[in-house]
Amino acid sequence: MNSTPLTTRDFAAVLEEYADRFSLLTDLLIEENKIHNLTRITDPTQILFRHILDSLIALKILDFPAESGSGFTCVDIGSGAGFPVLPLAIVRPDWKFLSIEATGKKAAFQQKACRALGLTHVQVLSARAEDLAHDRRYRQRFDAVLARAVANLSVLAELSLGFVKIGGRLIAWKGPDVAEELRLALKTFDQMGAAEVKRVPYLLEGVNTEKISMSLIVAEKTRSVLDGLPRSFAQIKHRRLPDICI
Ligand code: SAM
């Protein structure tokens, strides 16, 4: 485990550079939240801190300072109102993003936000990840799969790793105390082709903000996923993968 946490503190310049875009995203979210319940965070400063800044931490793993060339592909599963996908897409217009969200009203908000922000490199689908992971257009096609606050790691490993190319990565946002959840999920990660899994601690902090200890779970895909995986969501929830396969 890496003992020195990553930090969001040095994204201050990024927040400043893209301040207008983040501000527009925040306004759109606050407005939509009056009609549809998309987030319990409604204060603009807190949206910037807890949603936008927190989303950007993935760049520390994938690309900070900017290294990955254009055409880098990311899929965000269970993206809700657009986190982490929309802040990342604002900062990396040269990447390609797919956003998968099961709830129609949340996906519709993201489509609206993409139009308003001119994010033509983001495709938003209202669908379930476990279904699209079997679609040839998306299966094992992405450099990275991202998932923030979607499911426990055993479920998430099965839902997500079908999207990733060999050599690609899963990044999952988690709280600080994830060791036991990770231990229980390791076999599923292995069966989904990711033997290398680590917890990367980070501090969610800005200039003059509180500091919150968090973790990223980073898994590297080294093998292909078996044809029948992921299973249906009912099966994933009902029975752990290690009981039935390999
Ligand atoms: N990632 C967003 C964030 O961090 O703000 C949303 C988190 S929200 C707690 C989890 C979202 O995952 C919900 O919007 C839910 O509809 C979506 N979700 C859960 N399971 C899913 C699945 N199998 N496929 C697609 N979306 C899913």
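Trainee: How far is a backbone N or O atom of G78 from a nitrogen atom of the ligand?
Mentor: That distance is 2.8 Å. Keep in mind that we're looking at a predicted model.
Trainee: OK. And which side chains have an N or O atom by an oxygen atom of the ligand?
Mentor: R148 is one of them, with a side-chain N or O atom 2.7 Å from a ligand oxygen. K106 also has a side-chain N or O atom by a ligand oxygen, at 2.9 Å.
Trainee: How much of the ligand's accessible area does the protein cover?
Mentor: On its own the ligand has 590 Å² of accessible area, and the protein covers 80% of that.
Trainee: Which pocket is the ligand's space?
Mentor: The largest pocket.
Trainee: Which residues around the ligand come nearest?
Mentor: There are 15 residues around the ligand, and the nearest are G78, F83, E101, E130 and R148.
Trainee: How does that shell divide into nonpolar, polar and charged?
Mentor: Six are nonpolar, four are polar and five are charged.
Trainee: Switching to strands: how do β7 and β8 run, parallel or antiparallel?
Mentor: Antiparallel, with nine bridges joining β7 (residues 196-204) to β8 (residues 212-220). For instance, E196 has E220 in β8 as its bridge partner.
Trainee: And how many bridges join β1 to β7?
Mentor: Two, and those strands run parallel. β1 covers residues 6-7, and T7 has L203 in β7 as its bridge partner.

Conventions:
Residues numbered from 1 in each chain as written. Predicted model: local features only at pLDDT ≥ 70, side-chain atom pairs only at ≥ 80, totals over all residues. Heavy atoms only, no water. Near = heavy atom within 4 Å. Polar contact = N/O pair within 3.5 Å; in protein donor to acceptor, adjacent residues only side chain to side chain. Areas by Shrake-Rupley, 256 points an atom, 1.4 Å probe, with all protein chains shown as cover. 1 Å grid on protein atoms, 1.4 Å probe; cavity = no way out; pocket = protein on both sides within 12 Å on 5 of 7 lines; lining within 4 Å. Sits in = over half its atoms within 2 Å of the grid points. Nonpolar A, V, L, I, M, F, W, Y, C, P; charged D, E, K, R; others polar. Pairing = 2+ DSSP bridges. Helix = DSSP H or I, 4+ residues; strand = E, 2+ residues; numbered from the N terminus.
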